[in-house]
Amino acid sequence: MRIYIANFGDSLRTISVAHDICLEELIKLNPDVLSADQDIAGIQVKLPNHTRIYINKTKIPTCPEIPVYREQWVPLTSLEQMEQTEYDVLIVGTGAGGGAVLWRLSEQWGNNGKRIGVVEAGDLLLPTNAQNIATLDPERLLKYYFSVGKSPLQYPSPKIYALGGRTLFWWTVSPRMHVSEIAGWPITVKEMEFYYKIAERVMNVTQSFTKGSSITQTLLHRLQGNGFPESMDEPLAVDLEPTKFGVVNSNAFFSSITFIAKAMNRPFDLAVKARGVQVLTEKEKVVGLKVMSPEKKPYFLKAKNVVLSASTFGTPHILLNSGIQGRAIGHYLSNHSRLSATGKLIRSEFPEILGPLRILIPGTENRPYQFQILGPGNYEWVQFKEEPLSPELEVKFLCTGRVESRFENKVTLDPLRQDEYGIPEIQVHFNYSTRDEIVIQQMAETLKQISSVMRVPLISRGDRPAICLMPPGLEAHETGTCRMGDDPSATNRYGQIHGIKGLFVADNSVIPTSGTPNPTLTTVALAIRTSDYIIDQFKNC
Ligand SMILES: Cc1cc2nc3c(=O)[nH]c(=O)nc-3n(C[C@H](O)[C@H](O)[C@H](O)COP(=O)(O)OP(=O)(O)OC[C@H]3O[C@@H](n4cnc5c(N)ncnc54)[C@H](O)[C@@H]3O)c2cc1C
């Protein structure tokens, strides 16, 4: 309720006219006023909550009122509405893979009348990559990620169920797969190069983040001249363009939200809190998808093509729950082994202005591991945090080893446990092979060499040894559970599930072998390629 102090000449009737309030409502709220026309100057008049505060006594007309909106920061469609449409393409999941498919289809199709739908199991969480949020630094970002992520059984890698998927938290490190790795894939190196270029352009991948940084350039020089000539400024998906002519580039670190924003130049339907649970097929052709709302209500969405982009665990989960049992579906789960280490750097060896430290030593044909070197301390990127003056600085080493693709590493449906939707949970079965363990040993030895040539000795801190092996999965680089390729594989060379027309996979799960680089750039490149294949299928109709 609002209170209004009546002016000279005011009565309940004049107030009701001026404020556009029903007179009866006003009389009811103010029973002490004896008549509607009584002069009530100086009296506290009770007004309903919806009353306009300002009375326009000027001769200039009042601007129209702003209607009440129920809008979000991204346009959403209800599942009830989505049930009314037959989609040409329905995308499941909005992480790196799903976002890339949405962007490419929208970019290529424009407003040609094709209908695109997207369902995302999670809700709206962050409207950008967490690195763009001024209150976060590398340490707090990780803590926040672990607090909002959910891990599947027996596997520590948290999954982010939210619009944008794990790209809300990824560190944007975007190296290409080494050509020797691609040689074993069902795609030519030339074709991959073509799609890497498109992916790098749309994600703003650059090596200029550390341009002019004395710490990076000095350490790169030491590495390149002492046995590690491939060492480079780390390629990052960061938009370094200044904001000008009204084009805002402050959302620097890339996330799938940028894919969604770019796709908004043409219409598509997007539902959040919409979990895809079962692919619907007829005569070996996809016809739609069963989706569940948080109220456990089922919806049946019609689609000519379904693209599963629900992640390396989510996608085989949907396929297995749909009874789609290819020989490789859920199998060949791979990731990267990861060593973590800290080194000590003598501050006085470097110029006054340091800049960020981001170096990548990529894997090669003969070296099945890569190194990321970050720092100083927690300053590889920050917004407002101030670096204290200190005689010594910490340098972080993240070492990433190739892991073999093996049938026995897999995800399966748990026969005993069901989730709140009554759907079997997934179980993860994963172990390193003897070969993987040899790679881990070699990686540790090479790390010691690197620390020596950089003149950054490794240190232990408290109970944390100088070099430690992270539990498998914590690096969040799982791949392979719907691997693309020739037999035994889950999809053909374009990401289409064998034997089911119109059913595609576009996320980390299609990557045939882990190689050594961080996987997301490769996932985006492959997802764009799968989208182009889908577009071609429509041309052939
Ligand atoms: C802290 C961190 C740092 C990282 N840094 C890097 C890096 O520097 N470089 C790099 O290459 N990679 C990095 N990664 C990994 C990167 O985030 C993943 O490679 C990438 O996001 C995988 O994309 P995706 O599409 O396979 O899956 P996700 O991004 O996980 O997206 C899957 C989406 O599907 C949704 N979903 C799941 N199940 C369903 C369902 N049944 N129905 C509907 N929707 C569903 C999820 O909610 C999610 O939105 C990092 C990850 C983390 C967590």
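# Reading a sheet, a ligand shell and a pocket

Visitor: Which residue of strand 12 stands opposite Y87?

Guide: Y87 stands opposite A303 in strand 12. This is a predicted model, in which local features need pLDDT of at least 70 and side-chain atom pairs count only at pLDDT 80 or more, whereas totals for chains, interfaces and linings use all residues. Residues are numbered from 1 along each chain as its sequence is written, and side-chain values use heavy atoms, with hydrogens and water left out.

Visitor: In which sense do strand 3 and strand 12 pair, and over how many bridges?

Guide: Strands of a sheet pair through backbone hydrogen bonds, either parallel or antiparallel. Strand 3 and strand 12 (residues 298-303) pair in the parallel sense over two bridges, where pairing requires that DSSP find at least two bridges between the strands, and where helices (H or I, at least four residues) and strands (E, at least two) are DSSP runs numbered from the N terminus.

Visitor: What is the strand order of the open sheet?

Guide: The open sheet has four strands in the order 3-12-11-10, with mixed pairing. Strand 3 (86-87) and strand 10 (275-282) are its edges, each pairing on one side only.

Visitor: Which residues come nearest the ligand?

Guide: Among the 34 residues around the ligand, E120, V173, G276, N508 and T520 come nearest, a residue being near if one of its heavy atoms lies within 4 Å. By class, this shell has 17 nonpolar, 13 polar and four charged residues (Ala, Val, Leu, Ile, Met, Phe, Trp, Tyr, Cys and Pro are nonpolar, Asp, Glu, Lys and Arg charged, and the others, Gly among them, polar).

Visitor: Which backbone atoms lie 3.3 Å from an oxygen atom of the ligand?

Guide: A polar contact is a pair of N or O atoms within 3.5 Å. A polar backbone atom of A96 is 3.3 Å from a ligand oxygen, and a backbone N or O atom of T172 lies 3.3 Å from an oxygen atom of the ligand. The protein covers 96% of the 1,000 Å² of accessible area that the ligand has on its own (Shrake-Rupley method, 1.4 Å probe). Helix 4 (96-109), strand 10 and helix 10 (311-321) are the elements that give two or more residues to the shell.

Visitor: Which element gives the most to the lining of the second largest pocket?

Guide: Rolling a probe the size of a water molecule over the atoms shows where empty space is left. Helix 7 gives the most, with five residues, to a lining of 22 residues, of which P175, R176, M177, H178 and M232 lie nearest the centre of the pocket. A pocket here is an open set of points on a 1 Å grid over the protein atoms alone, where a 1.4 Å probe fits, with protein on both sides within 12 Å along at least five of seven lines, and lining residues have an atom within 4 Å of a point.

Definitions and conventions: Polar contact = N/O pair within 3.5 Å; in protein donor to acceptor, adjacent residues only side chain to side chain.
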